[in-house]
Amino acid sequence: MLFKSTRSTQQATESAAQVIKQGLANDGGLFVPESIPALTEEEIKVLCGDSYPVRAAKILSKFLGDYTYEELLEDCEKAYSESSFVGGAAPMVNIHDNLESLELWHGPTAAFKDMALQIMPRLLSRALVKTGEKRTALILVATSGDTGKAALEGYKDVDGIKIMVFYPVDGVSRVQKLQMATQTGSNVNVCAIRGNFDDAQNGVKAIFGDKAMADALNEKGYFFSSANSINWGRLAPQIVYYVSAYCDLLNAGKCKMGDSFNVCVPTGNFGNIFAAYLAKLMGLPIGKLICASNSNNILTDFLRTGTYDRNRDFYLTMSPSMDILISSNLERLLYFVAGSEKTASYMEDLKNKGVYSVEADVLAEIQKNFIGYYTDEKETAATIKATFEKYNYLADTHTAVAIHAAEAYVAESGDKAPMVIDSTASPYKFANNVYLAVVGKDAPSELEALDELEKATNTKIPYPLSGLAERKVNFTKTVDKSEMANAVLEYLNA
């Protein structure tokens, strides 16, 4: 399996190890596989009897051809161990009727990013060896809250790698900020920026594209790589949990082999839902992909009109991991539907004008698989309250966005197929807003909200968030968005 850029008309030439090491293609595009491997019903039957690590190794082996199955199984068993994912990886919990919550947050940072970022550092570490790399990889991450902590936790103290995370100083929750600020590890660094997530993401992209800086760091023995979902090593592991969810539906007798199911994903950067699309292309019988947005509903507008316009108001919401106006992974979908030449043209328009529109036939093809809904702040809070009171299911602010969107789709379409909803974070990561929604008043403070929420709902604080307030703060630096490159150089003493 070879890979190419979404913006290139050339044949695929890059190995899986190379694209995982490199992150972003040289022309600014994202790496995609030359073909999509098939997943047969017979294979699914076998996967139904496998553990999650075995399922993961088998699916990843279809895309990562220069890794042996034995290597992948070893890495998956370590990444998805019981000690990291207490209670198991990606369990499914029924909310009500045909709505199933795929809980992706049982890992070491209580967010779905763990599902990819516990395995990705192992894949990168092997990639450095497979490509003969002698330099140190510098992982740069822009985060809207969850990716940063998950990447820090996954990469801490990994040989041959340093990691630096940037986050918007006022764009993450107090819990998310403390999780990053209290991170330990000899090879990690965290820096806040004055700006929003798109500013952080654009700053990281600008650093990646700065040849002079890359040359200077090369002389110091470093090269850039990425842990964001633009990296294929982040995206590929996300395909696994959709396959696993279908296996669990079959095992529970909630559908028969070949029956379709729908997927609803709360998403800002489009990577998580694009992974489900890839699973569908492989042969998984996914019917509709429901893209759930918050008040920053740029994806909803695009999926309904074909125009992507980031020249709009930006909102800070109670679901901050979705507060994004540049959905990087949408580029991969455009490539698969419209081809590389059109994709390159769309991305040029986005860069220069902040807007692009796809042709009617392209939109029609996208709409065969995707539909967009958005949930505003009042609806999000009301969904948290109603879901807990009616069904005794406590959802975080992002999961609530998806529940509302899923229920709207079912009401509008009458589609009664099983609906798998991605639950992307523990409610305790956003305890203040969840507590307010359930109880109707503010907690004494954002940190005290964890204990108050536990008392009010008779649920349990997950182990990664317990005792967070007592941990030592190791990172306090904040810079202007224009100073990000200098912060990197300062970190490396370069």
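In which hand, left or right, does α14 cross α16? In this predicted model, α14 passes α16 in a right-handed crossing. The contact is made by Leu333, Leu334, Val337 and Ala338 on the α14 side, and by Val362, Glu365 and Ile366 on the α16 side. Two packed helices are described by the angle between their axes and the distance between the axes. For α14 and α16 the angle is about 110° and the axes lie 10 Å apart. The pair is therefore roughly perpendicular.

Both helices also contribute to the surroundings of α13, which spans residues 298–305. Buried residues of α13 are Ile298, Leu299, Thr300, Phe302 and Leu303. An α-helix has 3.6 residues a turn, so residues three or four places apart point the same way. The buried residues of α13 pack against α14 (330–338) and α16 (360–367), and also against the strands β10 (286–293), β11 (307–309), β12 (355–357) and β13 (370–374). Just after α13, Gly306 adopts a positive phi of about 85°.

Strand β3 (residues 92–96) runs antiparallel to β4 and is joined to β4 by four bridges. Within this pairing, Val93 has Ser101 as its bridge partner. The two strands form a hairpin with two residues between them, and Asp97 in the turn has a positive phi of about 50°. β4 also pairs with β14 (residues 419–423), here in the parallel sense and over five bridges.

The cysteines were examined for covalent links. A disulfide is a covalent bond between the sulfur atoms of two cysteines. The structure holds zero disulfides. Cys247 is in no disulfide, and the nearest cysteine sulfur, that of Cys48, is 3.9 Å away, against a cut-off of within 2.5 Å. For Cys291, the closest cysteine sulfur is in Cys264 at 8.3 Å, which is too far for a bond. Cys247 is buried, with a relative accessible area of 0%, and Cys291 is buried as well, with a relative accessible area of 0%.

Key
Residues numbered from 1 in each chain as written. Predicted model: local features only at pLDDT ≥ 70, side-chain atom pairs only at ≥ 80, totals over all residues. Heavy atoms only, no water. Pairing = 2+ DSSP bridges. Buried < 20%, exposed > 50% of the residue type's maximum accessible area, 1.4 Å probe, protein only. Contact = heavy atoms within 4.5 Å. Axes fitted to C-alpha atoms, helices over the stretch in contact; angles between N-to-C directions. Parallel < 35°, antiparallel > 145°, perpendicular 65-115°, else oblique. Left-handed = near helix turned anticlockwise from the far one by under 90°.
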